[in-house]
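Try each task before reading its solution.

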Amino acid sequence: MIRYDLTGKTALVTGAASGIGLALATQLARNGARVALNHLADDPRGPEQVERLRAEGFDVIAAPGNVGDAVDGPRMVEQAVADLGRLDFLANNAGTPGSRTSIASHELDRITEELWQTLVQVNLIGVFRCTKAAAPALRAAGGAVVNTASIAGLNSPGSSMAYGATKAGVISLTKNLARALAPEVRVNAVAPGAVDSAWMIEWTNEQRSSSIDKALLKRRCTPDDLAEVMLFLLAGAAMVTGQTVVVDGGLTLSG
């Protein structure tokens with residue numbers, strides 16, 4: 001993994017209690033950044049991971065809050081910026097499938113108004129509201145943003161058509177936020193494929209095996225695979241903005 005000297009830099013990672021967010025927060029801290037780990041206030045994994053990383057000698061703080069809430073999301077960002085003292089990097093990683101099992105396209109009755117509202121508020125508007133709240137600090141630091149989209153936003157089924165629609169929205173929003181925050185701030189995204197992580201969807205063994213068989217590199221992604229690319233988009237990639245990088249081991253190239 002590429003190493004960076006991020007001494008004196010700060011970062012806020014949403015959805016950092018597990019999976020991709022935790023992997024990215026860990027890599028940022030290992031490279032010298034001071035990192036705020038966002039998590040839901042009632043999720044015990046957040047404080048546990050903060051304590052674990054502190055015990056390993058990393059400079060991390062907790063940033064509890066719900067990005068899907070119009071009041072709590074911006075409040076969380078503003079508090080994190082105040083606690084960090086500045087903000088160089090924002091990772092909009094928090095997201096939800098809204099269901100424990102995947103919903104096939106023909107199962108329209110399972111795609112409810114409530115599901116839509118949850119997914120839009122967390123996966124799409126949450127990205128906007130956190131970036132908007134962080135924009136003054138990011139502009140002042142000449143910082144960068146990375147958003148977690150999905151191959152579900154790029155003509156892949158995903159966990160549901162509603163989930164895919166929100167992630168397609170993230171890809172579009174990434175381009176427009178890049179326009180809005182230029183030239184001071186770069187904004188990019190990653191589109192993960194099948195990832196082995198503590199995701200809320202309970203994939204069947206058949207689904208997992210199929211994703212491996214179809215991937216050109218014949219394995220599923222790990223959170224660290226995504227964190228490596230996200231770290232590059234934040235700390236490197238000086239002339240890259242408005243782009244979505246697919247990280248799926250060739251899953252979407254298999255036809």
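Buried means under 20% relative accessible area, exposed over 50%, and partly exposed in between, with a 1.4 Å probe and protein chains only. Helices (H or I, at least four residues) and strands (E, at least two) are DSSP runs, numbered from the N terminus. This is a predicted model, in which local features need pLDDT of at least 70, side-chain atom pairs count only at pLDDT 80 or more, and totals for chains, interfaces and linings use all residues. Residues are numbered from 1 along each chain as its sequence is written, and side-chain values use heavy atoms, with hydrogens and water left out.

**Exercise 1.** Check the length of helix 1 (residues 19-30) and find how many of its residues are buried.

Step 1. The expected span of a helix is 1.5 Å times one less than its number of residues.
Step 2. Just after helix 1, Gly 32 has a positive phi of about 105°.

**Exercise 2.** Which residues does a cis peptide bond join?

Step 1. The bond links Ala 182 and Pro 183, with omega about 5°.
Step 2. Pro 183 sits in the loop between helix 5 (161-181) and strand 6 (186-192).

**Exercise 3.** Locate Lys 218 and Ala 237, and state the phi of Lys 218 and of Ala 237.

Step 1. Lys 218, not a glycine, has a positive phi of about 60°. Its loop runs between helix 6 (205-214) and helix 7 (223-235).
Step 2. Ala 237 has a positive phi near 45° and lies in the loop between helix 7 and strand 7 (244-247).
Step 3. Ala 237 counts as buried because its relative accessibility is 10%.
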